[in-house]
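Here's a quick briefing to read alongside the model. It goes through the sheet, then the helices, then a few single residues.

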Amino acid sequence: MNPEYFMRLALAEAEKGDAPYGAVIVKDNEVMAAAHNTVKRDSDPSAHAEINVIRSLTAKLKNPSLEGYSIYTTGEPCPMCATACVWSGLSEIVYGASIQDLISLNQSQIYISCEEVIAKSFRKIKVKKDLLKVECLELFKLT
């Protein structure tokens, strides 16, 4: 299993959602949880893929800490989702399409990078960008 494998799972998850965002959380090369965007279905503006997968896994673990875990997501976490990554203690964020990429496709975004949110926080979170970017962007071109 490699990063591309995990991002492909996030891509598959994204196809199930209200919007083409999917996320998986991985630890020790094992998928621990997967989720997609359910904003419309749940009538919940916070039901982004990243929030949903964090909620799912922390509930399963009965622990709010995800230290040592990585999140793979089709789109760069918005400021709300990046902040949830900080509060949950995730160690790594890996994303496909950047906020700037999504803006260029007319997707509604708040133009604050996840790296800016992390830089102003109390945590160090590794960020890897552009993993399977072309495939992630294809999802958004279909919407």
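β3 and β4 pair up in the parallel sense, with five bridges between them. Bear in mind that this is a predicted model. One of the pairings to look up here puts threonine 73 against tyrosine 95, its bridge partner in β4. Strand β3 covers residues 70-75, and β4 covers residues 92-97.

**The sheet as a whole**

- Zooming out, these strands belong to an open, five-stranded sheet in the order β2-β1-β3-β4-β5, and the pairing is mixed.
- The edges are taken by β2 and β5 (126-128); each has a single partner strand, so one side of each has no neighbour in the sheet.
- On average, neighbouring strands of the sheet are turned by 20° against each other, if you ignore direction.
- As background, strands in a sheet pair through backbone hydrogen bonds, and they can do that in either a parallel or an antiparallel way.

**Strand by strand**

- What does β1 do on its β2 side? β1 and β2 (residues 30-36) run antiparallel, joined by six bridges.
- Within that pair, alanine 23 has alanine 35 of β2 as its bridge partner.
- The β1 and β2 hairpin leaves two residues between the strands, and aspartate 28 takes a positive phi there, near 50°.
- On the β3 side, β1 pairs in the antiparallel sense again, this time over four bridges.
- Two spots to check in that pairing: valine 24 sits opposite tyrosine 72 in β3, and isoleucine 25 has isoleucine 71 as its bridge partner in β3.
- Over at β5, the pairing with β4 is parallel and has three bridges, with isoleucine 93 opposite valine 127 in β5.

**How covered the strands are**

- For β3, six of the six residues are buried, so the strand is largely enclosed by the rest of the structure.
- Strand β1 (residues 22-27) is mostly covered too, with five of its six residues buried.

**Where α3 meets α4**

- The axes of α3 (residues 49-61) and α4 (residues 79-88) come within 9 Å of each other and cross at roughly 25°.
- That angle makes α3 roughly parallel to α4, because anything under 35 degrees counts as roughly parallel.
- As for handedness, α3 passes α4 in a left-handed crossing.
- Which residues meet there? Glu50, Ile51 and Ile54 come from α3, and they meet Met80, Cys81, Ala84, Cys85 and Ser88 of α4.
- By class, this α3 and α4 contact is made of six nonpolar residues, one polar and one charged.
- A handy reminder for reading such contacts: an α-helix has 3.6 residues a turn, so residues three or four places apart point the same way.

**More on α4**

- Helix α4 is mostly covered, as seven of its ten residues are buried.
- The buried set is Pro79, Cys81, Ala82, Ala84, Cys85, Val86 and Ser88.
- What do the buried residues of α4 pack against? Their partners are α3, β3, β4 and α6 (114-119).
- After α4 comes glycine 89, which has a positive phi, near 85°.

**α7 and its glutamate**

- Helix α7 (residues 133-141) lies across β3 and β4, and it runs at about 60° to β4.
- Glutamate 138 is found in α7.
- Is glutamate 138 buried or partly exposed? Its relative accessible area is 39%, and buried would need under 20% while exposed would need over 50%, so glutamate 138 is partly exposed.
- Glutamate 138 and glycine 89 are 49 residues apart in sequence, and their C-alpha atoms are 30 Å apart in space.

**Aspartate 101 in α5**

- Aspartate 101 has its place in helix α5 (residues 99-104).
- Why does aspartate 101 count as buried? Its relative accessibility is 13%, and the cut-off for buried is under 20%.
- Setting aside neighbours within four places in sequence, aspartate 101 is in contact with Asp130, Lys133 and Leu137.

Definitions and conventions. Residues numbered from 1 in each chain as written. Predicted model: local features only at pLDDT ≥ 70, side-chain atom pairs only at ≥ 80, totals over all residues. Heavy atoms only, no water. Axes fitted to C-alpha atoms, helices over the stretch in contact; angles between N-to-C directions. Parallel < 35°, antiparallel > 145°, perpendicular 65-115°, else oblique. Left-handed = near helix turned anticlockwise from the far one by under 90°. Contact = heavy atoms within 4.5 Å. Nonpolar A, V, L, I, M, F, W, Y, C, P; charged D, E, K, R; others polar. Buried < 20%, exposed > 50% of the residue type's maximum accessible area, 1.4 Å probe, protein only. Pairing = 2+ DSSP bridges.
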